[in-house]
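These are my notebook entries on one protein chain, written down in the order in which I looked things up. I put the structure first and the entries after it.

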Amino acid sequence: MWHTRLMPQDRAASRADGVDAIVAQWAAQRPELDTLPMEVFGRIYRIGRLMGDRVERAYAPFGIGRGEFDVLATLRRAGDPHTLSPSQLSATLMLTTGGMTGRLDKLERAGLVRRVPDPADRRALRAQLTAKGRQLVDEAVEAGLAEQTAALDQLPAQQRTQLAGLLRTLLAAC
């Protein structure tokens, strides 16, 4: 049952949240259910949404959203000369080619990327990060990481490392 998972000292140290309320409702209606998966994944989902919103607000002063940041960051991580084909970007970001075209058009209008000929195929183009785009993404990544760090600072360093490892293991199992 859900109320036996935490020891009394653990429950006192943690604050109740919306997931606790949902689990309590299920316990009242279906006490035989093991709702631990709901507790874990409900919190992961909520954390993802809340942190996504915080990071999105951190990118706003740079005139970009998460979608644009993802394209710029992918190009930045590619290393010099910071170019990838639209299909490579689409595959990495799990976007349709049409969705990628829209993002690249917007970023190109802002002067953050440019389309350059593919040296291996003169018929094809590659997206390349401009100097302006590189500076912007370097600043934006720091702003986003500051938000994430502020949230993780609520945990001791050892727990942050442990959490990262546990989530890596869980992700690999999915």
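**Entry 1: helix H3**

I began with helix H3 and found that its buried residues pack against helix H2 (18–29), H4 and H7; here contact means heavy atoms within 4.5 Å, buried means under 20% relative accessible area, exposed over 50% and partly exposed in between, with a 1.4 Å probe and protein chains only, and helices (H or I, at least four residues) and strands (E, at least two) are DSSP runs numbered from the N terminus. I must note at once that this is a predicted model, in which local features need pLDDT of at least 70 and side-chain atom pairs count only at pLDDT 80 or more, while totals for chains, interfaces and linings use all residues. Residues are numbered from 1 along each chain as its sequence is written, and side-chain values use heavy atoms, with hydrogens and water left out.

The buried residues that I listed for H3 are Glu39, Met51, Gly52, Val55, Ala58 and Tyr59.

Between Gly42 and Arg30, which are twelve residues apart in sequence, I noted a C-alpha to C-alpha distance of 18 Å.

Asp20 has its place in helix H2 and is buried, with a relative accessible area of 15%. Its contacts, leaving aside neighbours within four places in sequence, are Arg15 and Arg43.

**Entry 2: the whole chain**

I counted eight helices and three strands in the protein chain, and read along the sequence they follow the pattern α-α-α-α-β-α-α-β-β-α-α. The radius of gyration, taken over C-alpha atoms, is to be compared with a globule rule of 2.2 Å times the number of residues to the power 0.38; the chain has 21 Å, well over the 16 Å that this rule gives for 174 residues, so it is more spread out than a compact globule. The C-alpha atoms fill a box of roughly 65 × 30 × 25 Å along the principal axes.

Of the 174 residues, 26% count as buried. Among contacts between residues at least 6 apart in sequence, I noted that 48% join residues at least 24 apart.

**Entry 3: the nonpolar core**

Which residues touch the most other members of the largest nonpolar core? A nonpolar core is a set of buried Ala, Val, Leu, Ile, Met, Phe, Trp, Tyr and Cys residues joined through side-chain atoms within 4.5 Å, and of the 21 residues in this one the answer is Ile64, Val71, Leu72, Leu75 and Leu89. Two or more residues each come from helix H3 (36–59), helix H4 (66–77), helix H5 (86–93), helix H6 (97–109), strand S3 (121–129) and helix H7 (131–152), and the largest share, five residues, comes from H4.

**Entry 4: an aromatic pair**

I found one aromatic pair in the structure, where rings of Phe, Tyr and Trp (its six-membered ring) pair if their centres lie within 6.5 Å, and planes under 30 degrees apart count as stacked, over 60 as edge-to-face and the rest as tilted. Tyr59 and Phe69 form this pair, which is stacked at 4.3 Å centre to centre with 15 degrees between the planes. Because Tyr59 lies in helix H3 and Phe69 in helix H4, the pair ties together parts that are ten residues apart in sequence. Both Tyr59 and Phe69 are buried.

**Entry 5: backbone exceptions**

Most residues other than glycine have a negative phi, and most peptide bonds are trans, and I therefore listed the exceptions here. A cis peptide bond, with omega about 5 degrees, joins Asp80 and Pro81, and Pro81 has its place in the loop between H4 and strand S1 (83–84). His82, found in the loop between H4 and S1, has a positive phi near 60 degrees and, at 5% relative accessibility, counts as buried. Met94, in the loop between H5 and H6, has a positive phi of about 55 degrees although it is not a glycine, and Met94 is exposed, with a relative accessible area of 76%.
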